[in-house]
Amino acid sequence: MSAAPSRAEQSATIDALRASVRNFVSRQPGLGRVRSLRDRHPGYERTMWREMAALGWLGVMVPEDLQGAGLGLAAAVAVAEELSSALAPEPFSAVAVLAACAIARGDNPGLQRRLLAALMSGESVVALAWQERGEVLEPSQVATMAQRHGERFVLSGRKRFVAGGADADGFVVSARSGAGLELYWVPATARGLRVVAEPLLDGTFSASLELDAVDISAAERVASAATAAAALAAAFDAAVIAASAELLGAARAAFAMTLEYLRTRTQFGQTIGSFQALQHRAADCYVQIELAGAVLAEAAAAERPDLAPADRASLASRAKRRCGEAATLIAREGIQMHGAMGFTDGCDIGLYAKRMLVLSAWLGGIHYHARRFSTSLAQESTERPRKSSAAIPPQLRELPPETDWNALADADFRALVRDCVETQYPEDLRYLPRRVRWHEVRAFNLALAARGWIAPGWPRAWGGMGLCAAKQFIFVEELERWGVGRAPDQGVRQLGPVLFKYGSEAQRRTYLPKILSCEHIWCQGYSEPNAGSDLASVTTYAEQIEDGFVINGRKIWTSLATDATHIYVLCRTDRTAKKQRGISFIVVALSTPGITVEPIRDIAGNEEFCQVTFDNVRAPRENLVGNLNEGWTVAKAVLEFERLGVGSPHRPMMALNRLTLFAAKLGLFADQGFMDELTRLRMDLLDHFSLHVRYTDRVINGQGLGPEVSALKIWGMELFQRISEFALDRAGVYGSAAGPVALPGAEASLAAVYYASRLTTIGGGSNEIQRNILAKNVLRLAG
């Protein structure tokens, strides 16, 4: 038996498959073919279908033991997304995913092989007929009956909205027999079967079936009651994910078309893509595409054998909801940005808008999948988390720092993190309404350092934990569950990753171990009184002398500089160069003579921010990171890591945890309106985490981050604000309390969370600046 392919090999296979589909699509007539097939039964071409079969695409979901390619859901997602980008009307997801998956999970081996062979060869189009009413999307709710008469079954009932059914050669029909829910093969030519094609908005067709005493052999039963329900559920979830991929493919193509229009359409003597209002709206579309891509990639891994059916269903619903949100926004903005032309049939944006409407409705829309997801949520806690009573095995607690944490079972790793925070983190510092100070959490962080847990996302080669995405989520979730305050961590989040890439070997040897041991606590010296978001305008000057630099100037909004031991400073070293040139990146010990640190009181009455003044401060030349006058490149890397940190799910997760505690005390879980909004916020947070993990993985894998990381900060911190605003609104008069709300088990200030959320869309480069960055550097819209 051959070894399972590695993750890299699987990725290479999927990339090659995508390239194959793109190449195939590029050779087709394009949208002219789509227009020519609109409203013409069956809405697609059998010759094209057979070409897809010849390329092996119709067998990607069929296991190898059934003579299929066995590439799985990730491959089906790749094919579906690429075909949809060209609006290919062939029913790939309906047949090669929905029907094929249901057949493959049946328990009639001979019939399975016969049907799947015909399906994969393109000889037969096979559709799954499961839905009976538009408002009912639960595959197990079936009224169609199958009455047994000896070795035959008689089927009676009606099926609606059969995707791929308008020209199908046969149908896998769900019906209820005396034994329970079962699946049956019904050829299109069966006596008593009437098939009616039903036109859809995009010019394609679904079908309705009327089964009037359709008589079939018992040998045509695809799945008995023992397997049918599970087969239908798995097929439904797989098809939901494939439909999500189709939505994303169409949305990407429609957005690319809209961007091209923005770059070329001229009004008032300039391209309309230079208008900031349109740039920011386009940036918001890009954020949605990035979120959808991250969630879809996570859902595409839903075939893991250790994944429970309920978790698979949750992932599928998250993907359909997020891709539906992205497609809805891009369809709306695409038509709007094309102006009056976008409302004409001759404008191709309309073709994409119609297809996305059809795909959004198929297998459940945005609201349905939010409700479906909400039913999978665990019962909300009604109390602030208390210490776990279960003790963990001593050998687990005593694991050394060099342990491969990813090799631990998720449950063991969670228990280990939970034990650490519950036994080490001070009880009186839980759920603080402000940023925690270093002296308060020094002992806790030293305990983490002793375990090797200070840098969860750093590669193991540099002394980090090297956690995979799943383990990172557990680590963060447990800290947030216990209300652990965020310590001064710029060294871990920002400087360390920058030194990986730009630091000298001597600098890495000097600084990285001391970050991990907590000997050095770092802060950032970027912003100045007249250089906030426009960092290229810094005036703090580092004059070169024989053995280093003399620094003069002032930095402001420096977080927790009063707690720090060191600072990394953005200085101008050549006043004659252009703004981004002539800047250098220098690290300095705050104990150096000439440095003054003054705290700044904020709107909430806290003193997190500081002003740092440099008066003839000397720094040796070896403190220069990167090349002289090329510090802007280093600084941008820090900003990317800062946006990865500022865009972390920590803050919105904290706000959501606090919201649920208050909601339980106020009895809000019985309010359906509250629960609907809570579900949306929870799904938004999970999607945010998916995107954060995707970007974090790039850093861990050495791929680096580009300006696209601005999407993370925009979404995450605006989500933080939405959660805090919703919490204040639903708390009523409790939300206006100046101090902690007096609700036993939920003592905390909602106003403090609200105040904290205001800053996050300003610090680290305002969200307006982030949208400018996306528009200019990612979307290539003229400024």
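**Aromatic pairs and a helix contact**

In the predicted model, W453 counts as buried, with a relative accessibility of 1%. F413 is likewise buried, as its relative accessible area is 0% and the limit for burial is under 20%. The structure as a whole holds 18 aromatic pairs. One of them is formed by F413 and W453, whose ring centres are 6.4 Å apart and whose planes stand at 55°, so that the pair is classed as tilted. This pair joins distant parts of the chain, the partners being 40 residues apart. F413 belongs to helix α13 (residues 410-424), whereas W453 lies in the loop between α14 (438-451) and α15 (469-481).

A stacked arrangement is found for Y568 and F585, with a centre-to-centre distance of 5.7 Å and an angle of 20° between the planes. This pair, too, links distant parts of the chain: Y568 is located in strand β14 (residues 566-572) and F585 in strand β15 (residues 583-589), with a separation of 17 residues. Y568 is buried, its relative accessible area being 0%, and F585 also counts as buried, at 0% relative accessibility. Together with Y511, W522 and Y526, these two residues form one aromatic cluster.

Attention then turns to a pair of helices. Helix α7 (residues 228-264) and helix α8 (residues 276-299) have axes that come within 10 Å and cross at roughly 155°. Because angles over 145 degrees count as roughly antiparallel, α7 is assigned that orientation relative to α8. The crossing of α7 past α8 is left-handed. On the α7 side, the contact is made by I241, S244, A245, L248, A251, R252, F255, L259 and L262. The residues contributed by α8 are L278, A282, C285, Y286, I289, A292, G293, L296 and A299. By residue class, the contact of α7 with α8 comprises 15 nonpolar, 2 polar and 1 charged residues.

Within this contact, L259 may be considered individually. L259 is placed in helix α7 and counts as buried, since its relative accessibility of 7% falls under the 20% limit. When neighbours within four places in sequence are left aside, L259 is in contact with A282, L779 and L781. A282 is among the α8 residues that make the contact with α7. The C-alpha atoms of L259 and G339 are 13 Å apart in space, while the two residues are 80 residues apart in sequence.

Key: Residues numbered from 1 in each chain as written. Predicted model: local features only at pLDDT ≥ 70, side-chain atom pairs only at ≥ 80, totals over all residues. Heavy atoms only, no water. Axes fitted to C-alpha atoms, helices over the stretch in contact; angles between N-to-C directions. Helix = DSSP H or I, 4+ residues; strand = E, 2+ residues; numbered from the N terminus. Parallel < 35°, antiparallel > 145°, perpendicular 65-115°, else oblique. Left-handed = near helix turned anticlockwise from the far one by under 90°. Contact = heavy atoms within 4.5 Å. Nonpolar A, V, L, I, M, F, W, Y, C, P; charged D, E, K, R; others polar. Phe/Tyr/Trp six-rings, centres within 6.5 Å; stacked < 30°, edge-to-face > 60°. Buried < 20%, exposed > 50% of the residue type's maximum accessible area, 1.4 Å probe, protein only.
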